[in-house]
Amino acid sequence: PGKMVAETKLLQRLRGATRWTKAIVFLTALSGAFVAGLDAGLVYNSFPKMANRWLPDDLVAIEPKWRNVFENPTTVQFNHRILGTLTLSAILGVWILAR
């Protein structure tokens, strides 16, 4: 019985990690829709830096600042890059956890 309890806890942990990973994948895809809609992929086409900078100058160029998340191509692309990296890390984490 003790071994079954440990396996059940591991499966619950894996299930939780999988749910979080699915949410991150969804957010990344949603972010990708903003990138496509704004043609943000054409603004900076180098990775991982954007124009040889980690944080471009026009990251928060629109006022009020909250509008940058939806309307500034630089911010939209930056967010998508961060989410894509986070998605890769989450998927690798689930894979390691499942082994």
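# Briefing on a predicted helical model

Thr 21 is buried, with a relative accessible area of 10%; buried means under 20% relative accessible area, exposed over 50%, and partly exposed in between, for a 1.4 Å probe and protein chains only. The structure is a predicted model, in which local features need pLDDT of at least 70, side-chain atom pairs count only at pLDDT 80 or more, and totals for chains, interfaces and linings use all residues. Residues are numbered from 1 along each chain as its sequence is written, and side-chain values use heavy atoms, with hydrogens and water left out.

**Helix H1**

- Thr 21 belongs to helix H1, which covers residues 2-38; helices (H or I, at least four residues) and strands (E, at least two) are DSSP runs, numbered from the N terminus.
- Apart from neighbours within four places in sequence, Thr 21 has contacts with Ala 90, Ile 91 and Val 94, where contact means heavy atoms within 4.5 Å.
- Ala 36 is also placed in helix H1, and this residue is exposed, with a relative accessible area of 54%.
- Between Ala 36 and Pro 73 there are 9.7 Å in space, C-alpha to C-alpha, and the two are 37 residues apart in sequence.

**Helix H3**

- Helix H3 spans residues 73-98, which makes 26 residues.
- From the first C-alpha of H3 to its last the reach is 37 Å, close to the 38 Å expected at 1.5 Å a residue; the expected span is 1.5 Å times one less than the number of residues in the helix.
- Among the buried residues of H3 are Phe 78, Arg 81, Leu 83 and Thr 87.
- Ala 90 and Val 94 are likewise on the list of buried residues in H3, and both are in contact with Thr 21.
- The N-terminal end of H3 is capped by Asn 72, with a side-chain oxygen 3.0 Å from the backbone nitrogen of Thr 74.
- Thr 74 is itself one of the buried residues of H3.

**Nonpolar surface patch**

- A nonpolar patch on the surface is formed by Phe 26, Leu 27, Leu 30, Phe 34, Trp 66, Val 69 and Phe 70, which together have about 710 Å² of accessible area.
- Two or more residues of the nonpolar patch come from each of H1 and helix H2 (68-71).
- H1 gives the largest share of the nonpolar patch, namely four residues.
- Patches are made of residues with over 30% relative accessible area and no salt bridge, with nonpolar side chains (Val, Leu, Ile, Met, Phe, Trp, Tyr) joined within 5 Å and like charges within 9 Å.
- A salt bridge is a side-chain nitrogen of Lys or Arg within 4 Å of a carboxyl oxygen of Asp or Glu.
- Phe 34, a patch member, lies in helix H1 and counts as partly exposed at 32% relative accessibility.

**Loop between H1 and H2**

- Phe 47 and Pro 48 are joined by a cis peptide bond with omega of about 10°, and Pro 48 is in the loop between H1 and H2.
- Another cis peptide bond links Glu 63 and Pro 64, with omega of about -10°; Pro 64 is in the loop between H1 and H2.
- Asp 39, in the loop between H1 and H2, has phi near 55°, a positive value in a residue other than glycine.
- Asp 39 counts as partly exposed, at 48% relative accessibility.
- Ala 51 lies in the loop between H1 and H2, and its phi is near 60°, a positive value in a residue other than glycine.
- At 46% relative accessibility, Ala 51 is partly exposed.

Technical notes:
A polar contact is a pair of N or O atoms within 3.5 Å; within protein, one must be able to donate a hydrogen and the other to accept it, and residues adjacent in sequence count only if both atoms are side-chain atoms. Accessible areas come from the Shrake-Rupley method with a 1.4 Å probe; for residues, only the protein chains shown count as cover.
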